[in-house]
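Hello,

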Amino acid sequence: MTELIKVVEGLDLVVEMAAGVVHPDDVVRARAAAARARDRRGYLGGTLVVGIIGGTGSGKSSLLNALAGRRVASVSPVRPHTARPLAWVPAGAEPGLDHLLDRLGIADRVAHDRFPGIALLDVTDVDSVELGHRRQVEALLPLIDAVVWVLDPDKYADPLLHAEFIRPLADSADQFLFVLNQIDRLGASDRVTVADDLRRRLVDDGIPSPIVFHTAADPPDGEQRGIGDLAAYLERRLDAKRVQMNAVIAEARRAARDVAASAGLVGGGSLAFEERWKGLLAEITTGLSIAEEGGTGFEEALAALEDLVGRVAREAGGTFGMRIRAAFPPARIEEVLAGVVGEVEAQVPREEGVIVPERRADAAGMLSDLLQERVGGPLREVLWERSSLAASVAGLAVDAAQAEARLRA
Ligand SMILES: Nc1nc2c(ncn2[C@@H]2O[C@H](COP(=O)(O)OP(=O)(O)O)[C@@H](O)[C@H]2O)c(=O)[nH]1
Ligand SMILES: [Mg+2]
């Protein structure tokens with residue numbers, strides 16, 4: 001899993017927990033941000049992942065070697081050269097990239113430190129009409145950032161390539177770049193003719209402004225051409241991707257922060273509720289169980305309970321605070337307490353206005369259980385929801401920071 005996917009999933013979680021808790025507009029905005037991040041095409045990590053696709057013998061492996069500056073992939077003059085797919089990946093790349101290659105079934109991986117942040121995949125020969133081949137390319141597109149279509153002077157106009165591959169996939173044109181390789185085999189004027197013809201065909205395929213590089217990856221004279229331009233382009237594209245990814249992360253972070261603010265999650269998480277509640281129960285149960293009838297015990301207990309509920313609501317703030325207040329307005333607190341005391345007294349009657357010492361523990365236990373059930377439980381539920389939302393917002397912030405660090409690496 002890549003860092004960005006973690007951020008997106010974190011935002012999904014925040015959205016899920018915020019629904020019904022914060023203002024619907026904030027939920028809608030956060031949900032839209034999560035959807036935009038999730039629907040982003042390409043590899044959702046800090047590496048630019050580029051697939052090299054083309055007919056057999058066009059020079060895919062040679063191009064990879066030329067970019068690598070050394071022999072990584074095996075090159076063959078004998079056609080068809082059935083090679084295993086190969087990935088040329090930055091050394092120390094993020095774990096998400098390994099998962100992607102596993103998923104694509106690319107077992108052969110060569111590490112490089114030539115272009116930090118750029119991975120090249122020598123994947124598929126596409127010169128049979130087999131539907132499987134197009135499906136393969138199609139399945140690849142949402143997962144990687146760009147596809148380099150490697151063409152050569154003999155087969156650049158191959159109707160199969162255009163009709164079966166490029167045209168049906170033209171919706172993904174912004175992920176495509178084209179390399180006309182083996183230009184050393186063309187004289188100067190043929191080069192112009194072929195370049196114009198290729199461009200026209202690509203426009204016909206539905207790619208209005210195709211990006212085309214002219215290269216000689218492995219010419220017999222050993223004088224490579226156009227490789228530096230292609231490498232520079234890929235590096236610019238990596239920079240652009242990082243800018244975009246940072247924008248996606250910033251948007252997710254902002255959406256989560258808005259949800260948190262709207263929910264009133266500005267302070268800490270737990271509000272030390274459990275400790276306070278325990279203290280309150282001890283105070284109330286002792287006071288009430290030894291209190292004389294009509295004495296100060298009830299009023300004191302009521303004041304303490306109201307005080308705690310009020311404080312917790314205030315500190316929880318936002319919608320959570322409002323929910324606590326709505327559930328326990330002062331009149332309701334008094335009603336609950338009176339009910340609880342009444343039930344206890346029905347079970348443990350007083351003698352001469354006081355509960356006899358040997359029944360005090362029973363009375364305290366009953367009181368405590370009933371208050372727990374009618375006040376502590378419902379309060380705890382709201383606070384628990386609040387801390388879960390706070391935790392998921394905090395988790396997202398951590399994941400976002402990690403994703404940003406990865407993009408800087
Ligand atoms: N003349 C010329 N031959 C090339 C060039 N690039 C590759 N080749 C040759 O084309 C053949 C097929 O290349 P290869 O990289 O194996 O193609 P792949 O099947 O697409 O991987 C090999 O004999 C290469 O040496 C080039 O720029 N010019
Ligand atoms: Mg090859």
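Predicted model: local features only at pLDDT ≥ 70, side-chain atom pairs only at ≥ 80, totals over all residues.

Two packed helices are described by the angle between their axes and the distance between the axes. Helix α2 covers residues 24-38 and helix α8 covers residues 227-262; their axes approach to within 9 Å and cross at roughly 160 degrees. Angles over 145 degrees count as roughly antiparallel, and α2 and α8 are therefore roughly antiparallel to each other. The crossing of α2 past α8 is left-handed.

The second pair is α12 (residues 330-347) and α13 (residues 360-408), with axes that come within 10 Å and a crossing angle of roughly 150 degrees. That angle makes α12 roughly antiparallel to α13. The crossing of this pair is right-handed.

On the α12 side, the contact is formed by Val336, Val340, Glu343, Val344 and Gln347; on the α13 side, by Ala363, Met366, Leu367, Leu370, Leu371, Arg374 and Val375. Sorted by class, the contact of α12 with α13 has nine nonpolar residues, one polar and two charged.

To recap the handedness: α2 crosses α8 in the left-handed sense, whereas α12 and α13 cross in the right-handed sense.

Regards

Technical notes
Residues numbered from 1 in each chain as written. Chains lettered and ligands numbered in written order. Axes fitted to C-alpha atoms, helices over the stretch in contact; angles between N-to-C directions. Helix = DSSP H or I, 4+ residues; strand = E, 2+ residues; numbered from the N terminus. Parallel < 35°, antiparallel > 145°, perpendicular 65-115°, else oblique. Left-handed = near helix turned anticlockwise from the far one by under 90°. Contact = placed C-beta atoms within 7 Å. Nonpolar A, V, L, I, M, F, W, Y, C, P; charged D, E, K, R; others polar.
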